[in-house]
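Open your viewer, keep the selection tool at hand, and let's walk through this chain stop by stop.

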Amino acid sequence: MAAKIPVTVITGFLGSGKTSLIRHLLQNNQGRRIAVLVNEFGELGIDGELLKSCQICPEDADGGSNIFELTNGCLCCTVQEEFFPTMQELIKRRDSIDCILIETSGLALPKPLVKAFRWQEIRNAATVDAVITVVDCAAVAAGTFASDPEAVAAQRQADDSLEHETPLQELFEDQLACADLVVLNKTDLVDAETLAQVEEFIKQELPRVVKIVESNCSQLDPSILLGFQAAVEDNLDSRPSHHDTEEDHTHDEEITSTHLILDRAFDPEKLQNQLQTLAHQQEIYRIKGFVAVPNKPMRLVMQGVGTRFDKFYDRPWLPEETRQTRLVFIGRDLKSSEIESQLVAL
């Protein structure tokens, strides 16, 4: 019997740097034949297209593209509908695949996905090599997606009604609890003292000893990220979750996504300023997409976490494609019409 395909699950909150980590892995694959499953939140597939633009996995390769986009909801909720048939297809191609990377959406719980590897049809052919949790160091330092533990403790002593965490806090904790490795990303955005505080906070949240590595732009050597041989599906009891006692789990239904496709170009700085204004006006967690820039032959990638943005040109526009600006917004109770009207007015 052929060896099981090692699968690395890469999880982490919105904008932590998961796609950048996978893109770097693909570009520095050291001869490995890697397949990637991308679980988008929303209808417009930005992350999958961004990975394809690294040009390591061409779409016309024998057997089809090695990048698979799953856009029908959060992977932890659609395991049977989307993940299972895709894994079956990959298992058929096991002789031409050395490993599989799964990028979960920022809203996914890793544990339900790992449990799927206990299914007989999958466990005979694939195993979860490791769960890697990517953490946005600057966001944690700002208290955006995780509360300060001392402040929370003080508040709970004063008010019993604060005993229950918010869905985002639970998600952050569950992603850490399932990890074999934590990538503390975007460390260049904080000073040494803040970095030490964030790392100590992460250690307190981990239920067991887990290695923490630091990264500026998700650029880590593949040898650090692959080859754990943890067989995670066999030791889930050591990875506690807030949802272990539940038959099913639900997401905050107010967290939604919306997208815009505009057949026009934007000045990058003016667009970024307007997007930052929108992030102040609405509870927007994540903005990502591609921007057409006047008189530029290359496509601009723009990504934002809250009001913090980064951007880079990933590839030239293809002769046959329309130079559109396509943006995805993820947040709570989004007002799509206001977002569109403010950008159209630029």
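Begin in the loop between α10 and β8 and select A231. At 23% relative accessibility, A231 counts as partly exposed, a label for residues between buried (under 20% relative accessible area) and exposed (over 50%), using a 1.4 Å probe and protein chains only. A231 has a positive phi of about 45°, although it is not a glycine. Most residues other than glycine have a negative phi.

Before moving on, a word on what is on your screen: this is a predicted model, where local features need pLDDT of at least 70, side-chain atom pairs count only at pLDDT 80 or more, and totals for chains, interfaces and linings use all residues. Residues are numbered from 1 along each chain as its sequence is written, and side-chain values use heavy atoms, with hydrogens and water left out.

**Still in the loop**

Now select Q229, in the loop between α10 (222-225) and β8 (255-262). Q229 is not a glycine either, yet has a positive phi of about 55°. Is Q229 buried or exposed? Q229 is exposed, with a relative accessible area of 71%.

Helix and strand names such as these come from DSSP runs (H or I of at least four residues for helices, E of at least two for strands), numbered from the N terminus.

Next, show the side chains of D234 and R123, which meet in a salt bridge at 3.1 Å, N to O. A salt bridge here is a side-chain nitrogen of Lys or Arg within 4 Å of a carboxyl oxygen of Asp or Glu. The pair links distant parts of the chain: D234 is in the loop between α10 and β8, and R123 is in helix α5 (residues 120-123), 111 residues apart. R123 counts as partly exposed, at 24% relative accessibility. A search of the whole structure finds 9 salt bridges, and you will visit others below.

**Helix α1 and a buried lysine**

Select residues 18-27, helix α1, where 8 of the 10 residues are buried. The buried ones are K18, T19, L21, I22, R23, H24, L25 and L26.

Zoom in on K18. The side chain of K18 does reach the backbone oxygen of F13, at 3.3 Å. That is a polar contact: a pair of N or O atoms within 3.5 Å where, within protein, one must be able to donate a hydrogen and the other to accept it, and residues adjacent in sequence count only if both atoms are side-chain atoms. Leaving aside residues up to four places away in sequence, K18 touches I10, T11, G12, F13, E103, T104, S105, G106 and V134; contact means heavy atoms within 4.5 Å.

**Into strand β5**

Move to I132 in strand β5 (residues 126-136). I132 is buried, with a relative accessible area of 1%.

**Around helix α11**

Select residues 268-281, helix α11. At 1.5 Å a residue, its 14 residues should span 20 Å, and the end C-alpha atoms are 20 Å apart, which agrees; the expected span is 1.5 Å times one less than the number of residues. Colour the buried residues of α11: P268, L271, Q272, Q274, L275, L278 and A279. They cover an arc of only 165° around the axis, which puts them on the same side of α11; the arc is taken from the directions from the helix axis to the C-beta atoms. On the other side of α11, K270 and H280 are exposed. The buried residues pack against β9 (283-291), β10 (298-305), β11 (308-316), β12 and α12 (336-344).

At the start of α11, look for a side-chain oxygen of D267 within 3.1 Å of the backbone nitrogen of E269.

Show E269 and K311, whose side chains meet in a salt bridge (3.4 Å, N to O). E269 lies in helix α11 and K311 in strand β11, so the pair ties together parts that are 42 residues apart in sequence.

Finish with R299 and D314, which form a salt bridge at 2.7 Å, N to O. R299 lies in strand β10 and D314 in strand β11, so this pair joins parts 15 residues apart in sequence. R299 is buried, with a relative accessible area of 0%, and D314 counts as buried at 12%.
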